[in-house]
Amino acid sequence: MYNGIENITICDHPLIKHKLTMIRDKNTGTNEFRAIIEEIAMLIGYEALRDLALEEVPVETPIETAMCPVIAGKKPAIVPILRAGLGMVGGLLKLMPAAKVGHIGMYRDEETFEPHEYFCKLPSPIEQRRIYVVDPMLATGGSAVDAIKLIKQRGGKDISFLCVIAAPEGIEKLHAEHPDVKIFVGNLDRQLNEKAYICPGLGDAGDRIFGTK
Ligand code: PRP
Ligand code: URA
């Protein structure tokens with residue numbers, strides 16, 4: 001819940017807070033950064049998957065045959081926004097090893113902060129799958145808004161967005177443009193700075209995951 005809006009969840013878990021402190025530290029190296037992003041993605045994913053639909057199937061236990069719940073429907077799709085979103089995929093695949101993975105390539109222009117698309121490949125039939133769009137950072141919200149627009153243009157309907165850190169500006173923009181999308185946030189940070197970086201944030205997530213720059 002955020003500002004009374006039900007489909008926004010700030011995960012607010014002590015384990016997430018502790019792990020976030022470790023990756024905010026500029027002295028944390030690539031290897032550890034990458035591992036912790038994956039762990040946080042798993043914790044956020046646990047929350048985001050809470051309402052997965054179930055169906056009952058017969059199972060023979062050593063004692064008797066029982067009707068037991070399994071996840072129902074088509075395999076979900078995990079869709080990272082490249083590059084940094086790739087860092088969250090492993091965590092979600094640990095929760096749903098059979099999920100399909102799509103990719104959307106977006107980068108922010110460093111001067112205008114406007115997002116640009118360079119790649120999109122989604123598992124079909126995308127309209128029948130639950131879709132989990134992942135990106136560690138929700139800053140101005142431009143990349144997430146455009147990525148979700150692309151998914152909807154290709155037929156995607158049941159969409160959740162998972163991020164590790166969000167700025168209030170990003171949450172508000174994403175919810176305003178896509179009010180149907182469920183948003184899961186590891187932590188809500190204070191604000192954006194003049195370069196549209198999240199404060200206190202963790203810097204450039206893509207560079208820290210891939211050891212670039
Ligand atoms: C970062 C981040 C998001 C975007 C968030 O990606 O991973 O995709 O910025 O900013 P926004 O909410 O203002 O759009 P970046 O463009 O730096 O690309 P990268 O993942 O390739 O480093
Ligand atoms: N993208 C990042 O990687 N970090 C920010 O703080 C903002 C956008």
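This is a predicted model: local features need pLDDT of at least 70, side-chain atom pairs count only at pLDDT 80 or more; totals for chains, interfaces and linings use all residues.

Trainee: At what angle do helix 2 and helix 3 pack, and what does that make helix 2 relative to helix 3, oblique or roughly parallel?

Mentor: Helix 2 covers residues 30-48 and helix 3 covers residues 86-95. Their axes lie 7 Å apart, at an angle of about 50°. Angles under 35 degrees count as roughly parallel, and 65 to 115 as roughly perpendicular. Helix 2 is therefore, relative to helix 3, oblique.

Trainee: Which residues of helix 3 are buried, and what do they pack against?

Mentor: The buried residues are Gly87, Met88, Val89, Gly91 and Leu92. Buried here means under 20% relative accessible area. They pack against helix 2, strand 4, strand 5, strand 8, strand 10 and helix 6.

Trainee: Are helix 4 and helix 5 roughly parallel or roughly perpendicular to each other?

Mentor: Helix 4 spans residues 142-153 and helix 5 spans residues 168-177. Their axes come within 9 Å and cross at roughly 20°. Angles under 35 degrees count as roughly parallel. So helix 4 and helix 5 are roughly parallel.

Trainee: Which residues in helix 5 does helix 4 meet?

Mentor: The two helices pass in a right-handed crossing. From helix 4 come Gly142, Ala144, Val145, Ile148 and Lys149. The contact divides into 4 nonpolar, 1 polar and 3 charged residues.

Trainee: How far apart are the end C-alpha atoms of helix 4?

Mentor: Helix 4 has 12 residues.

Trainee: Which residues in helix 4 are buried, and which glycine just after helix 4 takes a positive phi?

Mentor: Buried in helix 4 are Gly142, Ser143, Ala144, Val145, Ala147, Ile148, Leu150 and Ile151. Just after helix 4, a positive phi of about 110° is taken by glycine 155.

Trainee: Where do the prolines that follow cis peptide bonds lie?

Mentor: The bond from serine 124 to proline 125 is cis, with omega near -5°. The bond from cysteine 199 to proline 200 is cis too, with omega near 0°. Proline 125 sits in the loop between strand 7 and strand 8. Proline 200 sits in the loop between strand 13 and helix 6.

Trainee: Is phenylalanine 113 buried or partly exposed?

Mentor: Phenylalanine 113 lies in the loop between strand 6 and strand 7. Its phi is positive, about 65°, although it is not a glycine. Its relative accessible area is 23%, so phenylalanine 113 is partly exposed.

Trainee: What is the relative accessible area of lysine 213?

Mentor: Lysine 213 is in the segment after helix 6. It is not a glycine, yet its phi is positive, about 85°. Lysine 213 is exposed, with a relative accessible area of 83%.

Key. Residues are numbered from 1 along each chain as its sequence is written. Chains are lettered from A and ligands numbered from 1 in the order in which they are written. Side-chain values use heavy atoms; hydrogens and water are left out. Axes are lines fitted to C-alpha atoms, for helices over the stretch in contact, and angles run from 0 to 180 degrees between N-to-C directions. Helices (H or I, at least four residues) and strands (E, at least two) are DSSP runs, numbered from the N terminus. Angles under 35 degrees count as roughly parallel, over 145 as roughly antiparallel, 65 to 115 as roughly perpendicular and the rest as oblique. A crossing is left-handed if the near helix is turned anticlockwise from the far one by less than a right angle, and right-handed if clockwise. Contact means heavy atoms within 4.5 Å. Ala, Val, Leu, Ile, Met, Phe, Trp, Tyr, Cys and Pro count as nonpolar, Asp, Glu, Lys and Arg as charged, and the others, Gly among them, as polar. The expected span of a helix is 1.5 Å times one less than its number of residues. Buried means under 20% relative accessible area, exposed over 50%, partly exposed in between (1.4 Å probe, protein chains only).
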